[in-house]
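Open the model in your viewer and keep the selection tool at hand. We will go from stop to stop, and at each one I will say what to select and what is there.

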Amino acid sequence: LFKCGAMASLVQSCDHVKNDELRDWETTFALITRLVVGFPHFTKAFVDAGGLDPERIRKVFAVNGGGASVTLALDGLTVVSQLARPNKDYYPLIHSARLYDRFITMLQHTDPQLRSRTCTLIGNLCKHSDFFYEHLLSNGIIPHIVKCCTDEDASTKKFAVFAIGNAAYHSNLLYEAIRPSIPAVMKLLTNSDEKCRLNAAGAVSNMLRTGPALCSDLVTANGVEEILQLLLKDTPALRKTALITLATFGAYEDRKS
């Protein structure tokens, strides 16, 4: 399949599909997804074939009146996350695909899998650098991620707080934007899902990582006490994160006492 250039044919087949026929393209894109996720050389082939061309990839995420199904959009999120997860090489191309309005639509969608997987993608877009920070801010994405931290769906909350943590990691550019998430992040520190608690603890640590701007808010929200509880009672992985976070709190003069 790789040697015969199958990926290019699969990607370019989208050009002949009208919006009201996108459901018929689900099977084709499902194959693209399996190839991209399963074989690294197909990841590059997808990009080289123009898979991130805005006219193509935006169709995949046109779930509100644009003809795309939830199934197609979920596969699209899987593919773009696969491009973003290992490194930042494809960040500029993902940005050029102009998907920000699609992200907002999916973060507000009634389907919890779409909300959850979109949060995962945003987290991966913030994983390796702050390249997307300004773009997420200017396109109004962060308030929707903050809202997802209180979502009724457990998976959405877990990956929303993952995204918040990564949005705080590389610089303090988004600190003000993520400030409203602090009460929800505190609540997630006691979530029954260990991974969710770990993501929340990481978010708290990252909110302190590049400056003290959020320190007072975290303290007011009982952040020190909640992190201390993790250190005393939780799993080894959580205790390690809690210890690092408490040390970060202590790095600021007004918390050393």
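Start by selecting isoleucine 244, which counts as partly exposed because its relative accessibility is 48% (buried means under 20% relative accessible area, exposed over 50%, and partly exposed in between, with a 1.4 Å probe and protein chains only). Isoleucine 244 sits in helix 17, residues 236-250 (helices are DSSP runs of H or I with at least four residues, numbered from the N terminus).

A word on what you are looking at: this is a predicted model, in which local features need pLDDT of at least 70 and side-chain atom pairs count only at pLDDT 80 or more, while totals for chains, interfaces and linings use all residues. Residues are numbered from 1 along each chain as its sequence is written, and side-chain values use heavy atoms, with hydrogens and water left out.

**Helix 14 against helix 17**

Next, show the whole of helix 14 and helix 17, whose axes are 9 Å apart at an angle of about 20° (axes are lines fitted to C-alpha atoms, for helices over the stretch in contact, and angles run from 0 to 180 degrees between N-to-C directions). Helix 14 is therefore roughly parallel to helix 17 (angles under 35 degrees count as roughly parallel, over 145 as roughly antiparallel, 65 to 115 as roughly perpendicular and the rest as oblique).

To see the contact (heavy atoms within 4.5 Å), select Glu194, Arg197, Leu198, Ala201, Gly202, Val204, Ser205, Leu208 and Arg209 on helix 14, together with Ala237, Leu238, Thr241, Ile244, Thr245, Thr248 and Phe249 on helix 17. Colour the residues of this contact by class and you get eight nonpolar, five polar and three charged (Ala, Val, Leu, Ile, Met, Phe, Trp, Tyr, Cys and Pro count as nonpolar, Asp, Glu, Lys and Arg as charged, and the others, Gly among them, as polar).

**Asparagine 199**

Stay on helix 14, residues 194-209, and pick asparagine 199. Is asparagine 199 buried or exposed? Asparagine 199 counts as buried, because its relative accessibility is 9%. Show Lys158, Val161 and Phe162 as well: asparagine 199 touches them, leaving aside residues up to four places away in sequence. A polar atom of the asparagine 199 side chain lies 3.0 Å from the backbone oxygen of lysine 158.

Move to threonine 43, in helix 3, residues 40-48. Threonine 43 is buried, since its relative accessible area is 10%. Its side chain reaches the backbone oxygen of valine 36 at 3.1 Å. Beyond four places in sequence, threonine 43 touches Val36, Gln82, Leu83 and Tyr90.

Now bring in helix 2, residues 26-38, which packs with helix 3 at about 125°, the axes 5 Å apart. Helix 2 and helix 3 are therefore oblique to each other. Select Phe29, Ile32, Leu35, Val36 and Gly38 of helix 2, which meet Pro40, Phe42, Thr43 and Phe46 of helix 3. By class, the residues of this contact are seven nonpolar, two polar and no charged.

**Last stop: helix 5 and helix 8**

Finish with helix 5, residues 70-84, and helix 8, residues 112-125, whose axes come within 9 Å and cross at roughly 15°. Helix 5 is therefore roughly parallel to helix 8. The residues of their contact divide into nine nonpolar, six polar and two charged.

Note on methods:
Helix = DSSP H or I, 4+ residues; strand = E, 2+ residues; numbered from the N terminus. Polar contact = N/O pair within 3.5 Å; in protein donor to acceptor, adjacent residues only side chain to side chain.
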